[in-house]
Amino acid sequence: VDPVSLRGILTKYFKPLGVEEVDVARSVGRFLAEDLVAPRDLPEYDISHVDGFALSPCSGLLYRLVEGSTLSRCEATYVRTGEPVPEGTVAVLPVEAARVVGREVIAPRPLEEGSEIIRRGADVARSDIVARRGSLVTPARARLLAELGLSTLKVFVRPRVVIVPVGTEFTEGSRRETSSLVVRSMCEPLAGEVAASKPAEDSPEAIAEAVEVGAENYDAVVTIGGASLGDRDLTFRT
């Protein structure tokens with residue numbers, strides 16, 4: 001059973017154990033307990049896509065180089081990638097395409113309006129649902145949520161799981177039990193705690209006792225072995 005299939009089994013047969021709040025930085029691999037709505041636009045302002053010169057409207061190709069947060073006609077100011085562009089900006093000229101002579105910037109050609117500008121809300125608009133309840137928090141999603149200013153998330157509590165190997169060959173010592181190592185590694189990304197019990201012999205009483213003890217102390221019991229149709233395959237019948 002791969003992790004995706006195991007997640008499907010858990011979703012089908014188990015109800016959420018509860019909800020807890022975790023830091024966004026520690027939320028990767030968790031499942032959201034509520035829909036998440038963007039509290040702001042992303043980006044929050046019109047920003048430059050490149051290092052270059054923010055340009056105001058102009059009928060020609062020559063711009064006066066200035067500093068400030070507002071541009072008048074035929075003015076330019078230097079901006080860096082990701083920085084908000086000044087009010088009055090219609091396009092950004094990449095620095096490698098610009099010719100600077102003294103306090104003047106010369107564009108090689110007229111630029112289309114909006115060129116090299118990422119508009120406010122282009123990635124996410126305020127009030128958009130950015131993640132649904134039950135969805136997995138991936139590294140990329142955690143980064144997006146952090147960029148939106150979210151510091152904590154409500155996620156479902158992870159189950160505590162115990163693995164019960166079944167087989168008289170393990171209890172008698174004729175074979176070494178190693179399957180629990182594999183199953184444990186499959187459960188760990190989805191569980192809060194994973195433990196392995198000592199093997200149970202091939203008898204209905206031993207299997208039932210091991211499962212009952214596990215169920216008393218953990219949220220889920222995963223058995224290994226004894227699930228075929230041979231005379232010692234008693235797990236399903238138990």
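Okay, let me start with a cysteine: Cys-74, which sits in the loop between strand 5 and strand 6. Before I go on, remember that this is a predicted model.

A disulfide joins Cys-74 to Cys-58, with the sulfurs 2.1 Å apart. That's the whole tally, by the way: the count comes to one disulfide. The two cysteines are 16 residues apart and link distant parts of the chain, with Cys-58 in the loop between strand 4 (52–55) and strand 5 (62–65), and Cys-74 in the loop that leads from strand 5 to strand 6 (75–79). And which hand does the disulfide have? The torsion about the S-S bond is about 90°, so the disulfide is right-handed.

You'll find Glu-116 in the loop between strand 9 (104–106) and strand 10 (117–118). Its relative accessible area is 27%, so Glu-116 counts as partly exposed. Then there's a cis peptide bond, from Leu-42 to Pro-43, with omega near -5°. Pro-43 belongs to the loop between strand 2 (36–37) and strand 3 (47–48).

Strand 4 runs antiparallel to strand 7, and four bridges join them. If you want a spot to look at, Gly-52 stands opposite Pro-94 of strand 7. Now, in a regular strand the side chains alternate between the two faces of the sheet. So is strand 7 (residues 91–94) covered on one face or on both? On both: Ala-91 and Leu-93 are buried on one side, and Val-92 and Pro-94 are buried on the other.

Right, on to the cores. The largest nonpolar core has 15 residues, and those with the most contacts inside it are Leu-32, Leu-36, Val-124, Val-130, Leu-148 and Leu-153. Strand 11 (129–131), helix 2 (139–147) and strand 12 (152–156) each put in at least two residues. Take Leu-36 as a way in: leaving aside residues up to four places away in sequence, Leu-36 touches Asp-128, Ile-129, Val-130, Ala-131, Leu-145, Leu-150 and Leu-153. There's also a second, separate core of eleven residues, with Cys-187, Leu-190, Ala-191 and Ala-220 among them. Cys-187 has a relative accessibility of 6%, so it counts as buried.

Last stop, helix 5, which covers residues 204–217. From its first C-alpha to its last, this 14-residue helix reaches 20 Å, close to the 20 Å expected at 1.5 Å a residue. Which of its residues are buried? Ala-206, Ile-207, Ala-210 and Gly-214. They cover an arc of only 100° around the axis, so they end up on the same side of helix 5.

Note on methods. Residues are numbered from 1 along each chain as its sequence is written. This is a predicted model: local features need pLDDT of at least 70, side-chain atom pairs count only at pLDDT 80 or more; totals for chains, interfaces and linings use all residues. Side-chain values use heavy atoms; hydrogens and water are left out. A nonpolar core is a set of buried Ala, Val, Leu, Ile, Met, Phe, Trp, Tyr and Cys residues joined through side-chain atoms within 4.5 Å. Buried means under 20% relative accessible area, exposed over 50%, partly exposed in between (1.4 Å probe, protein chains only). Contact means heavy atoms within 4.5 Å. The expected span of a helix is 1.5 Å times one less than its number of residues. The arc is that of the directions from the helix axis to the C-beta atoms. A disulfide is a pair of cysteine sulfur atoms within 2.5 Å. Two strands pair if DSSP finds at least two bridges between them.
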